[in-house]
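Colleague: Could you take me through this structure? I have not seen it before.

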Amino acid sequence: MSMSDLYTGHTALVTGANSGLGKAVAEALARSGARVLMVARDPIRGEIARADITKTTGNDQVELLTCDLSSQTAVRHLATEILQRTDRLHNLVNNAGTAFSSRGLTTDGIERTLAVNHLAPFLLTYLLLDLLRNSAPARIVNVGTRINTAMNFDDLNWDSRNYRMMAAYGQSKLGNIHFTRELARRLKGSGVTVNCVFPGVFRSNLGATDGAQGLFWKSVALLVGWALTPPEKAAERVMYLLRSPNVADVSGEYFGDKTPIPAPAQADDPAANAELWQISMRLVGLKDVDDKFV
Ligand SMILES: NC(=O)c1ccc[n+]([C@@H]2O[C@H](COP(=O)([O-])OP(=O)(O)OC[C@H]3O[C@@H](n4cnc5c(N)ncnc54)[C@H](OP(=O)(O)O)[C@@H]3O)[C@@H](O)[C@H]2O)c1
């Protein structure tokens with residue numbers, strides 16, 4: 001049996017799928033025979049990537065959805081479109097991420113790094129939970145990083161602190177681990193797992209389209225050999241979490257290369273994980289009393 005027979009009938013969704021890691025994961029999923037829903041913010045960049053993946057893999061079930069994840073209205077529209085397109089979702093990869101060299105607010109009044117990197121995956125996943133549960137066994141992977149800065153729950157929006165790009169990025173990405181831990185707790189017994197992955201350091205466009213890819217990123221690239229590591233290598237870590245039988249029942253973990261790695265202490269505190277969940281619910285305009293988990 002070939003890989004493509006194995007996952008025929010599976011549906012997967014990847015955000016940030018036109019570039020870097022997201023594109024490499026979308027391609028690996030397409031190669032496995034799954035139907036792949038690619039989410040990109042730019043329709044032209046998205047279509048170029050979609051056509052390329054279809055051509056390379058021969059999989060004609062690769063579809064494009066567009067969404068600017070910085071807008072909560074757009075995320076809600078995206079979720080509605082997904083629910084209209086499919087009644088099954090076996091894999092959700094929250095991969096899209098970015099960094100900004102200066103502070104800016106979204107149309108919802110949220111600091112934009114937090115909006116794209118933490119609140120968008122939070123809201124999208126929340127809106128797709130029934131679909132995922134109905135598709136069980138299903139797996140969610142949140143793409144995190146090792147740059148994790150303690151989250152200041154009193155000022156997630158950087159209203160009263162001096163904005164710093166790496167701290168804002170690191171805070172939002174620690175949010176991915178908090179979110180993973182709390183969601184796993186809530187999904188226990190549902191047949192849906194969720195893990196966070198540090199994909200390694202690899203070549204990509206991270207921050208480039210938002211002007212953040214300045215001297216800092218280029219220096220990091222030189223120092224750690226970013227330019228030498230292709231995103232396809234990083235995609236192997238994500239695919240392991242999506243596909244390996246070894247982790248079929250593992251949930252709530254923070255993974256490096258196929259093994260769990262320690263998370264910052266703040267994300268090991270169940271009270272902090274629960275607190276960020278409640279704050280996030282409010283920031284995306286959902287009810288405090290959570291009817292998806294009663
Ligand atoms: N590269 C690394 O070494 C590294 C290390 C650790 C973790 N990561 C994580 O890996 C993930 C993928 O990043 P990458 O390195 O592959 O960078 P990338 O090539 O820039 O890919 C990021 C993707 O996110 C999308 N995106 C950004 N802002 C968006 C928005 N507002 N709405 C919708 N989509 C948006 C981008 O779309 P556009 O093409 O339109 O900008 C792009 O498709 C991120 O979560 C990042 O934090 C990367």
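Modeller: Strand β1 (residues 11-15) and β4 run parallel, joined by three bridges; strands here are DSSP E runs of at least two residues, helices are H or I runs of at least four, both numbered from the N terminus, and two strands pair if DSSP finds at least two bridges between them. The model is predicted: local features need pLDDT of at least 70, side-chain atom pairs count only at pLDDT 80 or more, and totals for chains, interfaces and linings use all residues. Residues are numbered from 1 along each chain as its sequence is written.

Colleague: Which residue in β4 does Ala12 stand opposite?

Modeller: Ala12 faces Asn91.

Colleague: And what is the bridge partner of Asn91 in β5?

Modeller: That partner is Arg139. From β4 the chain passes through helix α5 (residues 112-134) to β5, a right-handed β-α-β crossover (with the strands pointing away from the viewer, the path from the first strand over the helix to the second runs clockwise).

Colleague: How many bridges join β4 to β5?

Modeller: Four bridges join β4 to strand β5 (residues 138-143), and the two run parallel.

Colleague: Are the residues of β4 buried or exposed?

Modeller: Asn91 and Val93 point one way, Leu92 and Asn94 the other, and all are buried, meaning that 20 or more other C-beta atoms, placed from the backbone, lie within 10 Å of a residue's own.

Colleague: Changing topic, how many helices and strands are in the protein?

Modeller: The protein has nine helices and seven strands. Of its 294 residues, 48% count as buried.

Conventions: Buried ≥ 20, exposed ≤ 12 C-beta atoms within 10 Å, placed from the backbone.
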